[in-house]
Amino acid sequence: MSVVPTPIPVAFCITELDRGGAELAMTQLVLGLDRTEWLPRVYCLGPQSYFAEVIRSGGVNVECFNAAGMTTLPRVLIQLTMAFRRFRPALLQTFLFHGNLIGRLAGRLARVPRIVSGIRVADRHNHWHGHLDRLTNALVDHNVCVSDGVAEFAISHSGLNAQKISVIPNGVDFNRFAAAEPANLQQFGIPNGATTLITVGRLEEQKGIDILLRAASVVLTNSPSTHFLIVGDGPDRQDLQSLAQRLGIANSVHFVGARDDVPGLLAASTVFVLPSRWEGMPNALLEAMSAGLPVIATAAEGSRDLVHTGRTGMLVTPGLWDELAKVIQQTLGQMPAAKKMAISAQSLVNEYYTTELVSTAYGNLYRRLL
């Protein structure tokens, strides 16, 4: 009589579960693991939020600790340590800076056998993050970076051991975007059939939406019937809307907030633009490429892995809005060539960057570490 193996308990710790790229990537990983082999459970330092319910709906337990600033972290550290001791995971996977830091401390206090940290971005803005990561990385058995560029940054700037680093990129639910029906953009005041450039991301400094707006002011001077669709929300929304007003382009720029119908919005748009100042492995770019949309992105980490100028899209220098405006105009003027690049980009994602491939890669890593 054969014995059915018991699934291996694996804990996942993340800073928050609000809408965001890292949160989406972790959700896809947790729900994509083979449940006959792995028993995942998610621990969130912050409050209940969007992806907590998505994960629970997939049959995975989620516990949130309602962290609210630095003063609450000691309490969360104690609670997280006790939660790990109750669950007794064989391996802990952490995500995002605070999730990495508090998670690895709690994991060692709870004597979790293996700890893996996820490094999602080459963060040149918060240098102290790199210092703390280096100081506490002795607690970690392995680090997973989302792109070659992020791995290079972690080694050269944060001083992490190259022998403890693997690269596993983000993945995308390819068919959800490739087969999406176009949404009706008239709901946002965009005329039917209008040339529409779309970007998707959190409205904060990293994503460079202010750079896109300045580029848009140039593009609209020459192509006044063009529209710009800004999908996402964040702390800079009001400032960005004010900037669009000052630039005189508010009627052609549409801030629509966070949306659940992104596949349809991409399918209805003409070109996708990602103007980020820095990145890791942008999910929004993977989604646009899956949708078969021509893409323009800044040459940030992760984006460079996906976009090869003239083959799968166009790269521009981060922060240079005049260069971005020029490339947007070139792309709109050469749409047959842009669509040919979009087909190549779509094939690239389908071959190398699906959620199934990512879940398999993480499963192989966990198996090796255990």
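Let's start with the open sheet: six strands, all paired in parallel, in the order β10-β9-β8-β11-β12-β13. Ignore direction, and neighbouring strands here are turned by 20° against each other on average. Keep in mind that this is a predicted model.

If you want a spot to look at, threonine 298 stands opposite valine 316 in β13. Now for a helix: α8 (residues 209–222) lies across β8 (196–200), β9 (227–231), β10 and β11 (271–274), and runs at about 170° to β9.

On to the rings. The whole structure holds six aromatic pairs. One of them is tyrosine 43 with phenylalanine 87, a tilted pair at 6.4 Å centre to centre with 55° between the planes. Tyrosine 43 belongs to strand β2 (residues 38–44) and phenylalanine 87 to helix α3 (residues 73–87), so this pair ties together parts 44 residues apart in sequence. Tyrosine 43 is buried, at 1% relative accessible area, and phenylalanine 87 counts as buried too, at 11%. Both also belong to an aromatic cluster with Phe65 and Phe84.

Tyrosine 362 and tyrosine 366 make another tilted pair, 5.9 Å centre to centre and 55° between the planes. They sit four residues apart in helix α15 (residues 355–369), so about one helical turn separates them. Tyrosine 362 is buried at 3% relative accessibility, and tyrosine 366 is buried at 0%.

Finally, a charge over a ring: the charged end of arginine 19 sits over tyrosine 50, 3.9 Å from the ring centre.

Note on methods: Residues numbered from 1 in each chain as written. Predicted model: local features only at pLDDT ≥ 70, side-chain atom pairs only at ≥ 80, totals over all residues. Heavy atoms only, no water. Pairing = 2+ DSSP bridges. Helix = DSSP H or I, 4+ residues; strand = E, 2+ residues; numbered from the N terminus. Axes fitted to C-alpha atoms, helices over the stretch in contact; angles between N-to-C directions. Contact = heavy atoms within 4.5 Å. Phe/Tyr/Trp six-rings, centres within 6.5 Å; stacked < 30°, edge-to-face > 60°. Buried < 20%, exposed > 50% of the residue type's maximum accessible area, 1.4 Å probe, protein only. Lys NZ or Arg CZ within 6 Å of the ring centre and 35° of its normal.
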